[in-house]
Amino acid sequence: METGFVYSENFNQYNFGEGHPLTPLRIELTYSLMKAYNLLSHPQIQILTPKPAKEEDILRVHQKDYVEKLKELNMLKKPSYMALPEYGLGPGDNPIFPGMYDAALAVSGASITAVDYIMQNEKTRAFNIVGGLHHSMPGMASGFCIFNDIAISIKYLQNKYPNIRIMYLDIDAHHGDGVQWIFYDDPNVLTLSFHQDGRTIFPGTGHVEETGKESGKGYSLNFPMLPGTIDSVYLQAFEKIVPQVMDAYRPDLLLLQSGVDTHFADPITNMGLSTEGQEKIFKIVQENTPKYCNDKLFAVGGGGYNIGVVARTWTMFLAQMLGQTISEPLPKSWVKDLLEKWDDSTEEPPSLLRDRNVWIEEKQLKDPYWQDDLEFHTDKIVDKFENELIPKIKKPIN
Ligand SMILES: [Zn+2]
């Protein structure tokens with residue numbers, strides 16, 4: 001089975017500037033680690049050169065006035081401190097930078113290139129590590145996301161294959177709100193997001209009660225997790241719910257947003273997963289795709305602000321897609337490169353791909369009931385999924 005991997009040197013132009021968490025260094029160091037493990041020259045990999053998205057592709061999701069504003073800002077000569085709150089742009093999450101329209105077109109185009117590759121070839125998967133901009137809304141930027149490349153690639157597919165059914169699975173620490181709201185009334189796109197409880201983190205949504213509207217009622221699913229949720233609790237719920245939803249819905253394609261900011265050492269979230277746990281999550285997705293999702297998997301990147309974690313986990317994901325085992329320790333030259341380019345004195349440099357959440361293990365020893373609380377919370381939601389939500393999902397009529 002072949003895996004398409006989208007890559008372009010232009011990807012580093014999606015850059016909000018110095019000090020912003022979504023630095024292009026994430027992509028650079030992920031790419032160099034994949035290369036160090038010889039994955040990019042693997043016989044089963046197909047390196048895909050992306051084309052930028054066309055304006056008509058963008059306009060299937062985004063409002064004309066927002067697109068026109070971005071075109072205007074594209075021409076700036078230097079970064080601007082201007083604030084345009086009506087478009088979600090300005091200092092903070094989404095600063096204005098020259099070339100931002102072109103940079104956003106490149107990301108969305110990469111996702112379109114990947115879905116075309118998957119649909120045109122039998123038994124293929126694809127990975128676009130710069131994609132996954134799940135917060136962007138039709139009329140505005142949000143949470144580091146200018147255009148919603150996920151919604152754009154789904155609408156592109158719907159335009160080409162009118163009855164296609166897509167399951168969108170989001171494992172980022174933040175709720176996949178943009179994608180959920182865009183398809184909230186559409187039964188042909190089932191969204192399922194696992195994330196840190198919206199009462200404790202941006203964007204504040206993703207509650208179990210958000211289940212869709214009109215004919216899309218029942219096709220938006222949310223699994224909020226308590227801050228600090230550990231591998232064992234997360235995996236137990238994920239392993240139960242995800243295959244059941246896939247089986248109930250039987251989509252033509254599975255689109256996975258694989259944000260890795262659920263890691264315990266992520267600087268902007270509060271989840272408790274290890275890279276080993278994240279690898280297991282991906283394995284569950286990967287193993288169930290041939291059974292329930294027509295063997296078509298499109299993975300995009302997403303959040304992840306501890307660069308060492310992003311590179312390690314996404315490299316393990318690509319290795320799994322290629323059916324390749326990669327082993328410890330991390331290549332020394334790559335670790336050296338990481339330390340030179342990303343100065344993070346708060347943490348020990350990584351030496352292994354797979355880590356353990358030692359901090360949480362200590363917490364567990366001090367407070368044994370804490371794990372019970374996490375389990376109690378997820379068990380309640382698992383029950384709701386199994387007894388109320390999953391039975392309402394309908395398979396395709398044919
Ligand atoms: Zn995130």
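Predicted model: local features only at pLDDT ≥ 70, side-chain atom pairs only at ≥ 80, totals over all residues.
**Close-up 1. The zinc ion is held by Asp172, His174 and Asp261.**

**Close-up 2. Gly303 sits in the loop between strand 8 (297-300) and helix 9 (307-321).** Is this glycine buried or exposed? Gly303 counts as buried, because its relative accessibility is 3%, and the cut-off for buried is under 20%. Leaving aside residues up to four places away in sequence, Gly303 touches Arg26, Gln257, Gly259, Val260 and Trp314, along with Asp172 and Asp261. For a sense of scale, Lys395 is 92 residues from Gly303 in sequence, and their C-alpha atoms are 31 Å apart in space.

**Close-up 3. Helix 7 (residues 231-249) packs against helix 8.** Here the two axes lie 10 Å apart, at an angle of about 15 degrees. The helices are therefore roughly parallel, and their crossing is right-handed. Helix 7 brings Asp231, Tyr234, Leu235, Phe238, Glu239, Pro243, Met246 and Asp247 to the contact, and helix 8 meets them with Gly277, Lys280, Ile281, Ile284, Val285, Asn288 and Tyr292. Sorted by class, the contact residues are 9 nonpolar, 2 polar and 4 charged.

**Close-up 4. Glu279 is a residue of helix 8 (residues 275-292).** Which residues does this glutamate touch? Not counting residues up to four places away in sequence, Glu279 is in contact with Met316, Phe317, Gln320 and Arg354. Glu279 has a relative accessible area of 15%, so it is buried.

**Close-up 5. Helix 1 (residues 25-36) meets helix 10 (residues 332-341).** The axes of this pair come within 10 Å and cross at roughly 170 degrees. Angles over 145 degrees count as roughly antiparallel, so that is the description for helix 1 and helix 10. On the helix 1 side, look for Leu25, Glu28, Leu29, Ser32 and Leu33; on the helix 10 side, for Trp334, Asp337, Leu338 and Lys341. This contact has 5 nonpolar, 1 polar and 3 charged residues.

Methods. Residues numbered from 1 in each chain as written. Heavy atoms only, no water. Axes fitted to C-alpha atoms, helices over the stretch in contact; angles between N-to-C directions. Helix = DSSP H or I, 4+ residues; strand = E, 2+ residues; numbered from the N terminus. Parallel < 35°, antiparallel > 145°, perpendicular 65-115°, else oblique. Contact = heavy atoms within 4.5 Å. Nonpolar A, V, L, I, M, F, W, Y, C, P; charged D, E, K, R; others polar. Donors = N, O, S within 2.8 Å, 3.2 Å for Na, K, Ca; no water. Buried < 20%, exposed > 50% of the residue type's maximum accessible area, 1.4 Å probe, protein only. Left-handed = near helix turned anticlockwise from the far one by under 90°.
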